[in-house]
Structure formats: structure tokens, C-alpha cells
Amino acid sequence: MKFAFAPIVPTARAAVTLAAIAPVALVIAAASPDLWVIAPVAGLAVLVLVVIDALLGGRVADLRVTVPGDVEVGAEGRMEAAVALRSGSPSRAELALECDPRLAPGGRLVFPLIAGDDGWRGSGTFTPSRRGTGKVTRAWLRWTGPLGLGARQLAGTLDETVRVWPNVAAVRSPTLQTFLKDAQYGLLARRIRGEGTQFESLAEYQPGMDRRRIDWKSSARHVHLYAKEYEVERNNQIVFAFDCGQAMCEPIAGMPRLDRAVSAALATAFVALKGGDRVSLFGFASRPEVATPFVTASSEFHRLQRAAAGLEYRTEEPNFTLALATLAGRLQRRSLIVIFSDFSDPTSAELMIESIGRLVSRHVVLFVTMADEELETLSTAEPDDMEVLSMAVAADGLLRQRALVTRRLRQIGVDVIEAPWRQVGTRLIDAYLAIKRSGAIG
């Protein structure tokens with residue numbers, strides 16, 4: 001780190017001390033004009049104490065700032081600092097870091113340092129609000145002398161980079177890991193029997209089985225009831241398509257909707273890979289931007305995470321016609337297409353419905369959108385005044401438009417998930433497993 005000159009500055013305590021002395025000195029000077037010199041002498045004395053106190057704080061021998069190289073969006077990260085001071089007795093110290101606004105609000109992170117046997121150390125936590133690469137470019141160190149009257153400030157340049165990745169905390173969660181070990185789509189490489197469309201074998205009929213599975217010819221031949229067992233099909237193609245346009249970049253609970261969607265998609269993709277299916281990611285705004293080949297093994301899950309990190313935030317309206325036509329041209333067989341999107345006006349919603357409708361004849365389409373909790377809160381607010389009433393009416397109108405769009409999607413054969421962002425991940429996994437068990441993809 002390159003250091004700049006460390007100037008001496010008065011602290012708030014010095015300003016309070018000077019403010020307290022000034023009236024007393026002025027009263028003395030007014031009572032006895034011959035003693036007018038007391039006022040400037042008192043002020044000069046305070047300034048001298050400020051300088052002496054700051055010098056007693058010592059000098060910086062070494063300053064090291066450590067930042068994490070990688071962190072997930074929405075997850076807590078930590079930046080640390082270690083300072084070695086030479087020949088001094090400072091009373092307190094703090095560090096300020098200049099960074100990319102996606103890392104900390106306002107692009108500034110401030111935290112105190114605590115004295116220890118090996119110098120002064122401290123750390124500050126931050127929560128990235130967006131994916132991408134964030135820079136930490138500058139550091140300011142401020143430490144005060146033993147009296148707390150004078151302080152010194154040291155500025156230095158940094159060249160540190162923090163890579164903000166999609167959040168895959170759901171993949172690491174004990175709940176999902178337990179589910180993958182215990183469920184029929186678990187870690188054991190065994191055939192999955194009981195549901196699906198691919199015939200596996202005959203088994204003796206047991207009470208509770210679906211009677212429609214009874215094989216009457218085989219039962220008559222063996223003079224005993226036998227039922228067909230089916231194997232859930234593997235090697236299905238799953239495509240997660242992300243609308244990266246303006247509506248999806250709006251924040252929800254402090255993070256863009258796009259990042260919430262990415263987290264839900266990656267958790268479901270991990271389950272799909274464990275179940276033997278193939279997964280691809282597709283991102284678009286005014287034109288297609290990200291299109292990955294199909295990943296076939298859970299050991300290659302990192303490729304999906306890296307591709308999701310490349311989804312850019314766009315302030316433009318999405319072109320569903322071009323994007324979904326391009327996607328349909330890439331798919332050579334029936335697939336499950338999961339579309340993450342949102343809509344802000346009836347015109348864009350109409351174009352979206354028309355484009356999605358062209359996919360339904362050849363593919364299984366699942367549309368995922370996050371419930372707008374802010375609109376729901378506004379629509380149910382007590383009408384205390386005309387402003388609140390007008391906002392409630394407008395919010396209710398927008399909610400009715402959303403309900404109309406989702407109803408039209410269901411009418412053309414699209415499965416729709418509309419849920420609060422906290423529930424989207426689990427709802428999506430449940431929907432994927434239900435579609436897989438039904439054999440609708442193959």
C-alpha cells in the first residue's frame with residue numbers, strides 16, 4: 001500500500017475543550033482589559049496540546065488490509081485490517097475503506113480497530129447487493145493521541161478485488177443435503193421405481209397401489225395380481241431462462257429480483273443434476289446474452305454458477321420474441337423451460353404471453369415470478385387520507401393486472417409459480433419434481 005502524508009487534525013474533544021475555554025477567557029478579558037491576552041493564549045495552548053497529543057499517538061510502521069477474494073451476493077463478507085504503530089500510545093483508531101457501491105452502501109466501509117499484543121486489529125462486515133467485480137481502492141487510517149485531543153490521518157491507495165458470485169447457500173443447506181440423501185432422487189445411483197412413464201418390471205400387487213397399474217393379462221396367466229412398475233425417466237433437458245431486463249433488476253428485500261431468481265434456479269439445478277437430468281442456463285434482455293451448453297454431472301455445477309455470474313443487469317425492456325425464438329431453435333428435443341420474469345405493464349405482458357405460447361406445443365413451460373409484497377401492502381392499507389386511498393386503488397389495479405396475466409398463462413398450458421421471494425426456491429424444486437414424476441418432459 002502506498003501511503004500519503006499523515007496530517008495532524010483536532011478531534012471533537014479538542015473542539016469542545018476550546019469552546020468551553022473561550023467564554024471563560026472572554027469574561028476575564030472583559031472584566032480586566034489588561035488581561036485580554038488570556039483569550040489568544042488559551043486558544044494557542046489548546047492547539048499546542050492538540051499537536052503534542054497527536055505526536056504522542058506515534059507513527060504507522062505498517063498497515064495491511066485483507067479483503068475476501070470471493071463472496072456471494074446477499075451473504076456477509078468481512079474485511080480486516082492490521083496496523084503496527086511505532087513509539088506511541090494512541091487511545092483509539094479506526095479505518096475507512098473506499099469500495100464499489102455494490103459491496104457497501106455509499107461505497108464506504110468504516111470500522112474501529114482494537115489494541116492487542118501484536119498491534120491494532122479490526123474488521124468490518126459488508127453484504128454485497130449485486131453480483132460482479134467490486135474494487136477496494138483506498139484506505140484512511142485515523143488514530144488519536146492518549147488525551148484524545150489530537151489525531152493523525154493516513155491515506156493510502158489499494159488495488160484489491162472482490163468477486164461477487166451468485167448465492168448458492170440453499171445448495172449447501174443441511175435441509176437440501178438431507179433431502180438429496182434420503183429422497184428418491186438421492187445420492188445413491190439406483191433406479192427410481194414406482195412413478196414415471198418408462199416400464200421397469202412387474203411386481204406383486206399390494207394394497208394401496210394404483211389399480212390402473214394392474215397388468216390383467218399377466219395376472220390371468222399367473223392366477224395372481226401383478227402390477228406394472230415404472231422408472232422415472234432420467235436425462236431430461238432442463239433450461240433456466242432469465243429475463244435480465246429492467247423489471248428483474250428492481251430490488252426486493254435489498255437484492256435484485258434477478259439474483260433471487262438465480263439462487264432459486266441454481267438450487268433446483270443442483271437437485272436436477274443429482275437426479276440425472278441435464279441443465280442449461282439462458283439469459284436475455286433486448287437480445288440473448290448467455291447460453292450455456294447442457295451440464296450433465298453434479299461435479300460440473302460450478303460451470304452453471306460461473307455462467308450465472310455473467311448475467312448482466314440491464315435497464316432495457318426484454319425482447320421475448322427474439323429471445324424465446326432463439327432458445328426454441330437451440331432445443332432439438334422436448335425440454336422443461338423455466339422462465340424467470342416480471343412484467344410492469346400490459347403491453348410487455350401481452351408480448352410475453354404470445355412468445356411463451358409458441359413454446360407450449362413442443363416443451364413444458366414453467367413460469368416463475370415473485371409476488372410483489374409492497375403492492376399487496378399498499379392495496380390493503382387503511383384509507384386514512386386521500387393519498388393513501390389513491391395509492392391503494394392504484395396498487396389494487398396493478399395486482400389485478402398481474403392476476404390476469406398469470407391466469408392467461410395457465411389457460412395456454414403454462415405452469416405458474418407466483419410466491420414471495422423466500423418461498424420461490426422450495427416451490428420451484430417441488431414443481432420440478434412433480435413434473436419429473438409425471439413424465440411430462442420425456
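A: Seven of the seven residues of strand β19 (residues 364–370) are buried, so β19 is largely enclosed by the rest of the structure. Buried means under 20% relative accessible area, exposed over 50%, and partly exposed in between, with a 1.4 Å probe and protein chains only. Helices (H or I, at least four residues) and strands (E, at least two) are DSSP runs numbered from the N terminus. This is a predicted model, in which local features need pLDDT of at least 70 and side-chain atom pairs count only at pLDDT 80 or more, while totals for chains, interfaces and linings use all residues. Residues are numbered from 1 along each chain as its sequence is written, and side-chain values use heavy atoms, with hydrogens and water left out.

Q: Which residues lie on each side of β19?

A: V364, L366, V368 and M370 are on one side, and V365, F367 and T369 are on the other; all are buried, so both faces are covered.

Q: Which strands pair with β19?

A: Two strands pair if DSSP finds at least two bridges between them. β18 and β19 pair in the parallel sense over five bridges, and I337 has V365 as its bridge partner in β19. Five bridges also join β19 to strand β20 (residues 415–419), again running parallel. There, V368 stands opposite I417.

Q: How do I read a helix with one buried side?

A: An α-helix has 3.6 residues a turn, so residues three or four places apart point the same way. In helix α8 (residues 320–330), the buried residues are F320, A323, L324 and L327. They cover an arc of only 85° around the axis, which puts them on the same side of α8. The arc is that of the directions from the helix axis to the C-beta atoms. Their cover includes β13 (237–243), β16 (278–284) and α9 (346–360), where contact means heavy atoms within 4.5 Å.

Q: Which residues touch the most other members of the largest nonpolar core?

A: In soluble globular proteins, nonpolar side chains tend to be buried together. A nonpolar core is a set of buried Ala, Val, Leu, Ile, Met, Phe, Trp, Tyr and Cys residues joined through side-chain atoms within 4.5 Å. Of the 50 residues in the largest one here, F240, F242, L304, L336, F340 and L428 touch the most other members. Helix α6 (residues 257–274) gives the most to this core, with 12 residues. A second, separate core of 29 residues includes V65, A81, V83 and L109.
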